[in-house]
Amino acid sequence: MMVGIPRAMLYYRYKELWETFFSKLNIKIRISEETNKKILNDGINFSVDESCLPSKIYMGHVYSLIGKCDYILIPRVVNYGEGNSVCVKFNALYDIVRNTFGNIKILTYNIDMENGCFEKKGFLNMGKVLGKSYLDSIKAYKNAKQAQRTCNRRKADIQNKIMDRKDKLKILIVSHPYNIYDKLIGYPVIQYINKLGGTPVFTDSIDRRQSLAESKDLSKSLYWLYNKELIGSIKLVEDKIDGVILLTAFPCGPDSLVNELIMRKSKKIPTINIICDELQGEAGLQTRIESFMDIIIEKSEKYNCLKRDESDFAAGY
Amino acid sequence: MRTGFLGLDIGSISTKAVIIDKNNNIIADKYIWTEGNPVNAVKIIIEYFRNRVQDINIISTGTTGSARKLIGVMLNANVVKNEITAHAVGTLSVYPDVKTIFEIGGQDSKLILIDNGIVVDYAMNTLCAAGTGSFLTSQAKRLGIDVEDIGPIALTSDNPTKIAARCTVFAESDLVHKAQIGHKKEDIIAGLCMAVVSNYLNNVGKGKTIKPPIVFQGGVSKNTGVVKAFEKATGEKIVVDANSHLMGALGAAILSKRCASEQPFDFNITDIVFRTEGDECKKCSNNCEIICFYKNDIMVDAWGNRCANGDLMHK
């Protein structure tokens, strides 16, 4: 028995949870390769034009797994309780895949807390589908939950250490994990930042619960959970970072609204909005990040100089 | 022999170059069309300089513009800088108290906000080139006039026609429509200039606070019609320098001077054969397009690869 997991969308959020759950049940998993041009092109072919880039990439990943495993894991996420809904894409992925590829076996679970579909219930059901006993499934789920928590905490600890360092220019990448860690979307951005002497820090390594609580300061009526976590995380760390990059994949609906909100409400830190699309204009990306880094470097240099010696600075600049 | 610093701004449409002295004074400058061949354009410029500035010893070179990397490798430049920083540095050397820079070039437009002599924010047009130099050029062609004449003609109009210029394609059909129902040519041309400005302020300048003094530069700044339209739209005085088209090159030269690492420049570069070759790396399914740069048939650099596989293939 082999379960295929597309390396896209929610994979980056639930990596540990999924991997531990299946390994505790003695089920082999196969994770699709890192996104490459072939996956992207396949994804574009199997999607409608208006789909967003991450969902096109998702379709490419699903396609790359067909024939290589018994089941493909595609969860359906509708909401995490009242007022915490997610983009309809996560709601639709299961049906889109089923209607596009037809003859594949999909392993799924529902998260629709408003209607009583909780994660635990979904996982127990998956265990049943895979022919495992209730006891085994519940044990595996508990282990998986623990593994995810430990992993999140470890990531947060590492990042907090980086954030406390004074000698680095820290650039917060505000984006969904499926953008940040994707080889075609976020990876080039992170590479440029490193090359230009900055240290990227990531929103998904910041405590989710705290971020969510913090987001209420910026907006009380926002309803996308993932975006609430993003805006809250900026607030949490804004005194420790030097710049914010809002990384969006074209044409993300929630992000287009929320980024505007961020740009208007948080004026303290230099912020840019970078939109990635499937056409990949690398030159534009490079120019934008380079000039953004220049702004931050110059600002911090000036700031340091001012602190050091005002007269010295006037003569030397 | 005096020392000089060379700055080049190799844009999509035109290539600009300046040689400055220690005090940032422009000793020589040149502005030519790139014509899709940046290497050749730069060679023409170097040849032009070779005959004119024999008493100057160029000790460093900086490049900017969309072909900055290619030309940077070709000339062994010690500074390769993005357009935003280069333009800001160039303009600040002439107008130290500038707060806002409008820059409209051949294919992109930028807005740079400056506070206390440092860049604090910027914006660039996205995928769309509507409202840039190439938009004006193509519309001028349609109307049967030279792009240089747009400015003077636009100034003669009292009643600019409103043209929908959100997109070049729509602008074109709207323009034809307005001409067919009897709008005067000069009104349409003035309308085009207004359209460029409103497009710029709505797209690039969206949500930014524009404070005077404002400096307008880039190729389109030579168009008096657009300058007037900007003054009307912002209600502020728009400063256009006599060298407004050279600011990027000037900035690149200044940055290379600040860099303080000497890299003597050899005019014989025009005798060397430079060649680029596109290649597709087949080591993984990304199929990156790799550009190899050859100097006298010896490869000196290659770029465009996403991963280390591409490195091995060529170096």
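Analyst: About 2,100 Å² is buried between domain 1 of chain A and domain 2 of chain A. Carbon and sulfur atoms carry 62% of that area. Three residues stand out on the domain 1 side: A:Tyr12, A:Arg13 and A:Leu53. Together they supply 31% of the area that domain 1 of chain A buries against domain 2 of chain A, more than any other three residues.

The model is a predicted one. In chain A, domain 1 covers 2-147 and domain 2 covers 165-316. Their C-alpha centres lie 29 Å apart. Domain 1 of chain A brings 25 residues to the contact, and domain 2 of chain A brings 24 residues.

Next, the polar side of this contact. Eight residue pairs are in polar contact between domain 1 of chain A and domain 2 of chain A, counting pairs with both residues at pLDDT 80 or more. The two domains also share one salt bridge. A:Arg13 forms a salt bridge with A:Glu229. Their closest N and O atoms are 3.0 Å apart. A:Arg13 is also one of the three residues named above for buried area.

Which elements of domain 1 of chain A give two or more residues to the side that touches domain 2 of chain A? They are α1 (11-24), α2 (37-45) and α3 (53-65) of chain A. Of these, α3(A) gives the most, with four residues. By class, this side of domain 1 of chain A has 14 nonpolar, six polar and five charged residues.

Conventions:
Residues numbered from 1 in each chain as written. Chains lettered and ligands numbered in written order. Predicted model: local features only at pLDDT ≥ 70, side-chain atom pairs only at ≥ 80, totals over all residues. Heavy atoms only, no water. Domains from an automatic or database assignment. Contact = heavy atoms within 4.5 Å. Buried area = accessible area lost by both parts, 1.4 Å probe. Salt bridge = Lys/Arg side-chain N within 4 Å of Asp/Glu carboxyl O. Polar contact = N/O pair within 3.5 Å; in protein donor to acceptor, adjacent residues only side chain to side chain. Nonpolar A, V, L, I, M, F, W, Y, C, P; charged D, E, K, R; others polar.
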